[in-house]
Amino acid sequence: MAEGGAPGDGGLTGAEAAARLAQYGPNEIGQERRHRIRALAGKLSGPVPWMLEAAIVLEIAAGKAAEAVIIALLVVFNAVLSFVQEDKAHGALALLRQRLQVRARVRRDGRWQVTDARDLVPGDLVHVRLGDVVPADVTVTDGTVRADQSVLTGESAEAEAGPGGRLFAGSLLRRGEATGTVTATGAATYYGRTAELVRTAKTVSHLEQTIFRVVWALLALDGALVVAIIAYGIVAHLPLAELLPFVLILVVASVPVALPATFTLATALGAADLAHAGVLATRLSAIEEAAAMDLLCTDKTGTITANKLAVATVHPYRGADVSQVLALAAAASDDATQDPIDLAVLAAARSAGVAPPAARLSFTPFEPATKRSEAVISQDGSRVRVVKGAPQVLTALAEASPAVSQDVATMADGGARVLAVASGPLAGSQPTGTGGPTGTGGPGLELAGLISLADPPRPDSAALVARLTELGIRVIMVTGDTAATATAVARQVGIGTRTGHAAALHDPAGPEAGLDFDVLAGVLPEDKLRLVERAQRAGHVTGMTGDGVNDAPALRRAEVGIAVAAATDVAKSAASIVLTDPGLANIVAAVETGRRVYQRMLTYTLNKVVKTFQIALFLAVGLLVTRQFVTTPRLVLLLLFANDFVTMSLATDHVSFSPRPDRWRVPALSLAALAIAVPWLVVSFATFYAGRDVLHLGLPATQTLVFVMLVATGQATVYLVRERRHLWHSRPSTWMLTATAADLVVVLLLASLGILMAPVPLGYLLILLGAVGAATLILDAVKVPLLRRFAVG
């Protein structure tokens, strides 16, 4: 919104404000609304839904209405489950965004009044004071203030603004009061423009890419088999009415029908666990992405550090000790000012057990013009003047050693803010208790010491960095602060000391250029976004932590955007993970949970690919070799329910997390699955020939026996691949064991009673189960070195 001027010192009239409100709109940042119907419809789009929807059309065209209804129910189930879980996450985030309405003091119609900040317009005259959140972008016309702009810039250093200076919406006033003219509101403010950047920063889910790759790999196999079957059907003059349903069911059997639902269920359960740990996943895919994250770009202020000044070191002079310097500094400080420096000094004095001065006769708060605060205290019956402020100011007022300048430079090299403290008899001393003005200098004022203040690391930051490093995640600290300050903090928390500047991000010398550092200083908001994009182009799965508006575009662009508990609404909206408890330790919980989810999904995917190889090859090769349909389309659809949806219980399985970032390696996974499927293929043909030629069951009963064998081997494969070591190494979840037992009992009843299929004697079925169990133990001995060879898991 364009800058407007106020008509004199009287501000705007009510009519002028109403006209400008209609012209510029409310002073607020519009939230991106989630359309529930559109979100639900989006769940019906994707590689798996598309193939199932195509199968529905073909089933209807072939006159198979019952099969079409079954497949449609699978599609709807997948979509509703995913939508409901993500809708819960969005509802929880909406609760986090609720806050009190900001109010502002504005001059309208010649008088001061309080109104909602959303009603401010360019040209309004507003008044702000200590503790206020600046309601819009303002140009100061009168007064001097210091503002904490960390919510915008990410840095804890305060900015001073006097007449002609600018205050930005979202800043918090730490000192002083001022009157100024509103120059921008809403989306036109610095805050708003950064929020708009968030809308254009998107990322592609690696989970979606993985599903695409798995599905297309299975379809490639199906395509080759379908061509062979059609060619055989033409040569053998098979009726089209029999051949088409068989081809169609071969394709449907290869589609990982329950894959989206299982992924959603596993991540939803992971999200529920994380919610109890103080972590809100606003996008379920972020949990899976956290498993693969190998680079974490973290903001410094408020993320690694506490965003709160604290005394770092005290350097005494003239025979004084640390306690004496802190006592004098505390005398020249006051809680009532709420000045961060005063609060830090007083906290350090209390922590050191330093008693406050016996009697303070007068106090002058810090003034930007003089760059010092002063007090007069009573000490041993005399009045003593105490001054605290900028070292260059106090060295001009007090007697100081020539070494002071070097000491100040040394302390500042670590990125600390340095204060000097001086004291001495008050010039023209009057009897104690009479008060009187403080002097402007004078003999007897001596430098007592130097105090350095810094924004210290959070207590859990060092442990967090160490744990992330153990998990194979590299940490880079990005900050708009100076290199000296940033490096000092990075050294304390164990990130490293290789320092780079934001200009490195513009180095065109390849995708890794700009990443050869531990600390990146001098960073602007657009640089953070550029860093994330550079890392992604280099092949990293990138995380970004932050709390301010300036972090929001990078939070949205990163695969894992993590907003801390005190983050702004814009940052929380952009992030895929929001920490609801103070501190950063829960990032580790998110990574560990993500890796557990990955292990469950790896088991499901490996299991599905094994079964697809087994079933697709058995159906196709069986037709070519035996010249008979080894099973029926109806039994294959029953197999989907008996196996695919029972294996959704894998989402609850007991698994451990891997020590390194997880990546989907589809080619290696496919080769391992094929190696496991071949022995099962032998079992499949053995079952068919045993039923037809040994037991003389007839083709319908043999097809039933094959169906039970496919169910049993499918369940056996789940337990075979869920544990990368021998299958008895860990106990499956109770849900898994219960689902398998129920599945086998139902299948045995259907097969023995002849429901939906030809009956087979129960004794034959139990012998079959025993044979499958023995084959499972033999295959388990081969599986362990096989998975290690293909680096699966």
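Colleague: Let's start with Tyr689. Is Tyr689 buried, partly exposed or exposed?
Modeller: Bear in mind that this is a predicted model. Tyr689 has a relative accessible area of 30%, so it counts as partly exposed, because buried would need under 20% and exposed over 50%.

Colleague: And how many aromatic pairs are there in the whole structure?
Modeller: A search of the whole structure turns up two. In one of them, the ring centres of Phe618 and Phe685 are 5.1 Å apart and the planes meet at 85°, so that pair is edge-to-face.

Colleague: Where do Phe618 and Phe685 sit in the chain?
Modeller: In distant parts of it: Phe618 is in helix H21 (residues 586–626) and Phe685 in helix H23 (residues 666–694), 67 residues apart. Both Phe618 and Phe685 are buried.

Colleague: What about Phe688 and Tyr689?
Modeller: They form an edge-to-face pair too, with 5.8 Å centre to centre and 80° between the planes. Phe688 is buried, at 0% relative accessibility, while Tyr689 is partly exposed.

Colleague: Switching topic: where is Asp339?
Modeller: In the loop between helix H12 (322–331) and helix H13 (340–351). Its relative accessible area is 4%, so Asp339 is buried.

Colleague: What is Asp339 in contact with, leaving aside neighbours within four places in sequence?
Modeller: Arg175 and Phe366. As for polar atoms, one on the Asp339 side chain lies 2.7 Å from the backbone nitrogen of Ile341.

Colleague: Last one: what sits over the ring of Phe363?
Modeller: The charged end of Arg360, 4.5 Å from the ring's centre.

Conventions
Residues are numbered from 1 along each chain as its sequence is written. This is a predicted model: local features need pLDDT of at least 70, side-chain atom pairs count only at pLDDT 80 or more; totals for chains, interfaces and linings use all residues. Side-chain values use heavy atoms; hydrogens and water are left out. Helices (H or I, at least four residues) and strands (E, at least two) are DSSP runs, numbered from the N terminus. Buried means under 20% relative accessible area, exposed over 50%, partly exposed in between (1.4 Å probe, protein chains only). A polar contact is a pair of N or O atoms within 3.5 Å; within protein, one must be able to donate a hydrogen and the other to accept it, and residues adjacent in sequence count only if both atoms are side-chain atoms. Contact means heavy atoms within 4.5 Å. Rings of Phe, Tyr and Trp (its six-membered ring) pair if their centres lie within 6.5 Å; planes under 30 degrees apart count as stacked, over 60 as edge-to-face and the rest as tilted. A charge sits over a ring if NZ of Lys or CZ of Arg is within 6 Å of the ring centre and within 35 degrees of the ring normal.
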